[in-house]
Amino acid sequence: MAQTFTRNLLHLIFSTKDRQDLIVPAIEEDLYSYLGGICRALGSPLLAGGGAENHVHLLVSLSKNMALAEFMMNLKKDSSKWVKTKGPPHEMFMWQDGYAAFSIGESGVSDLKGYIARQREHHRTITFQEELIAFLKKYGVKYNERYIWK
């Protein structure tokens, strides 16, 4: 084949440091726009983004030219730096070290976009911790709960 064709769809989830409620309405819309800009610059379009006060969900089409770990390092580092420029309440903003990344098929895109759009509503009845554990179980990811939140 003379060309390379890929469609690496990923559902990415990561939280603020210690799951603090730092994603406030004053920066939320701009944060997702900024995350989208970083994704574009890394050749990995953001297809959907949303979350709650302490975490984000992103649907990204990962570039064929970038490893996931490198992508996540740049995304979190650059967005954290940006949030810190938003004034005194945000000067100490940080993301948690880890992240979750799950591959999805094209047939799951519509449902995932809806899920991401309903995050605020969803988190009236379930915590981020409960949600993440449910995803880990759904995707068969082994974990030790003693270490997952450190």
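Begin by selecting Leu75: leaving aside residues up to four places away in sequence, Leu75 touches Phe14, Leu35, Ile38, Cys39, Leu42 and Leu58. The model on display is a predicted one.

Next, colour the largest nonpolar core, which has 24 residues. Within this core, Leu58, Phe71 and Leu75 touch the most other members. The elements that contribute two or more residues to the core are S1, H1, S3 and H2, and H1 gives the most, with 6 residues. In soluble globular proteins, nonpolar side chains tend to be buried together.

Now select helix H2, residues 68-84. Which residues of H2 are buried? They are Phe71, Met72, Asn74, Leu75, Lys76, Ser79, Ser80, Trp82 and Val83. To see what these buried residues pack against, display strand S1 (8-15), helix H1 (25-41) and strand S3 (55-62).

Finally, turn to the largest pocket, with a volume of about 290 Å³. Select Gly98, Tyr99, Leu132, Ile148 and Trp149, which are the closest to the pocket centre among the 18 lining residues. Two or more lining residues come from each of S1, helix H5 (128-138) and helix H6 (145-148). Colouring the lining by class gives 12 nonpolar, 3 polar and 3 charged residues.

Definitions and conventions
Residues are numbered from 1 along each chain as its sequence is written. This is a predicted model: local features need pLDDT of at least 70, side-chain atom pairs count only at pLDDT 80 or more; totals for chains, interfaces and linings use all residues. Side-chain values use heavy atoms; hydrogens and water are left out. Helices (H or I, at least four residues) and strands (E, at least two) are DSSP runs, numbered from the N terminus. The expected span of a helix is 1.5 Å times one less than its number of residues. Buried means under 20% relative accessible area, exposed over 50%, partly exposed in between (1.4 Å probe, protein chains only). Contact means heavy atoms within 4.5 Å. On a 1 Å grid over the protein atoms alone, a cavity is a set of points where a 1.4 Å probe fits but cannot get out, and a pocket is an open set with protein on both sides within 12 Å along at least five of seven lines; lining residues have an atom within 4 Å of a point. Grid points are joined across faces, edges and corners, and a volume is the space filled by probe spheres set on the points. Ala, Val, Leu, Ile, Met, Phe, Trp, Tyr, Cys and Pro count as nonpolar, Asp, Glu, Lys and Arg as charged, and the others, Gly among them, as polar. A nonpolar core is a set of buried Ala, Val, Leu, Ile, Met, Phe, Trp, Tyr and Cys residues joined through side-chain atoms within 4.5 Å.
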